[in-house]
Amino acid sequence: MLELLESSRSAIKSNADSMKFYAERAYDLSRELAVPDSLSAIIISNYALSLIESADYESALTLLTNNIKFIESTQHLQSLSSFYTSYGTYYLKNNRPEKAIAWYFKSYEIDQRTGNTLGKAKSLVNIAFIQKRIGNHRDALANFMNGLKLCEEANDQQMVLRILVNITGYYNDRNAPVFNIDSAILYGRKSVALSRELNFPFGEAMSSTNLSAALMTKNLEVLKSELEVKEGLEAATFARTFFENTNFTQQFHNSLLNEGLAYEILRDFEKATAISNQLINSPFVASFANEMRFRISKKAGNYKEALTAHERFKFIVDSLAELNQQNQLAELETKYETALKDSEIESLSQEKAISVLKIRQKNTQMLILVLGSVFGLTLLYLFFQQRSIRAKHQHSELEHRFLRFQLNPHFIFNALASIQNYMLKNNSKDAGIYLAKFSKLMRQILENSRQEFIPIAEEVIMLENYLDVHQLNTIKPFTYEINIDENIDQESVCIPPMFIQPFVENAIEHGISKTTRKGEIGVSIRKEDDSIHITIRDNGIGINATTKTPEHKSLASKIIQERIAVFNKSLKNKIQIQLEEVVENNEVMGTLVRLKLPYHFI
């Protein structure tokens, strides 16, 4: 145990403080402390999730495989369901959809036994998404419908809305065998109505985009109802207005296209043409925009422009078909390699299928070079531009995750030291209670670190747990208070996770721990204009006195500054931070941190 703590101290000093490291140490400690089996199951699931998140899939599979019999022997069904879900996530991340479905279904069966209605719904929706991806459309739709029914029984309206939006898009997909335009309109109207009932503008914008697309599809070739077209135009205009100044570029282009289609159907060709000009080079809807331009030009008698638009449309469609065939080839090769490893398929038949696809690919490439040479450079430019944007986004996301996983090293070390102290005093009961609280907090940090934005309610719960645990292992007693503006919907307003905690950590470690006064920490959260304003106040020794102490070295502050720099690379409204001393009657009474964060709605 002492060697473990010394190793932890060395790891912190060398900056090796990822959550994977400490999840592993918590796992080892739980073995030594002989904690309850149900708690061990939670710790194992935490560790497995950290391994999967860090892409250490081999270690994750080893952990899951070595512990499945133990987890099943505990008969703690809630933990067992979570463990099965971790298995499903492992296989999903490794492109093994069939096995992922099998494990998600095992989790569903556990939730069915325990009567966990919402748990069953989430498992069915996970299965439905995978079935949709592999082309099992009818089963996917059935599971979406069953998940919808269960969410309605559980009265989880947010989950109901998400499923309604997906069902609407599914019914409106011409390439799916479940395509049914009347059903798409029906569920689209339901999702719009529910979004308004929940006062959820983002959900209404997504639902309005799907509804307008379905109404345009129904009336595009033959005008069946002018009222429906006007309904679709109103929905598309609302969605376009909502998405216009956001980062949801694809949703903005989709809603703008639906608006243009409505004007085309209503024969307002001037507005329809203006919209097609905006979208003619869109990386998301260029083919539809050129097709719309072709129809408008043809109706207006401008056959030269119609021919140009049609050739442009045909080239894009053919190019997309080529890219799709390349993706199919890549997917087939991946499946071949995976199946060969597990000895689940016959290599000769798979090699033949790959060979046939390669021959078809070469023939298609030659045909496209002959027919589309005029537009080839344009397509390549758009393709590489999008790939560059995606690469930058992925790099930024990886930076975010790396920096989030560096938080809390000092706190985790102190927590491990407190557990050691309890054990040395033979106080196993308090050690077990403390480890339970610590494991719960660590699971929250693991789950939140996977998200770019989380609801304010989840951030506050994690912060409260952090402060509660810190109160147990700190020598200097303190009290805290968290105030949230009553006008904030804590469940739907989302902010970047773990921006408040580092400043609270500094307040405890470098502020109130140095003062003779009873420690007090206050956190206030309010919404102003287009940002969330957060203040963190303590009654410690102040900023200047803190920075002058020779032992002062705040790793959390350094990490938070790096996170802010990474976020601000891609944000229109930048994250802002301001630190100042609280002075009363010429006496320093503490530190005040003002933090301004972006937010969006779920």
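Which residue takes a positive phi in the hairpin of β4 and β5? Some notes on this predicted model follow.

1. Start with the hairpin. The residue is Asp529, with a positive phi near 55 degrees. Two residues sit between the strands here. Asp529 is not a glycine. Its place is the loop between β4 (519-528) and β5 (531-538). Asp529 is exposed, because its relative accessible area is 74% and the cut-off for exposed is over 50%.

2. Now look at the strands on either side. β4 and β5 run antiparallel, joined by eight bridges. To find the pairing by eye, look for Val523: Ile536 in β5 stands opposite.

3. Follow β5 to another partner. β5 also pairs with strand β7 (residues 587-597). This pairing is antiparallel too, over seven bridges. Here Asp538 faces Thr591 in β7.

4. Is β5 enclosed or open? Seven of its eight residues are buried, so the rest of the structure largely encloses this strand.

5. Compare another loop. Asn199 lies between α10 (181-197) and α11 (201-219). Asn199 also has a positive phi, about 55 degrees, and is not a glycine. Its relative accessible area is 66%, so Asn199 counts as exposed.

6. Last, check Phe284. This residue is in the loop between α14 (269-279) and α15 (286-299). Phe284 has 32% relative accessibility, so it counts as partly exposed. Phe284 and His253 are 31 residues apart in sequence. In space, their C-alpha atoms are 7.2 Å apart.

Definitions and conventions: Residues numbered from 1 in each chain as written. Predicted model: local features only at pLDDT ≥ 70, side-chain atom pairs only at ≥ 80, totals over all residues. Heavy atoms only, no water. Helix = DSSP H or I, 4+ residues; strand = E, 2+ residues; numbered from the N terminus. Buried < 20%, exposed > 50% of the residue type's maximum accessible area, 1.4 Å probe, protein only. Pairing = 2+ DSSP bridges.
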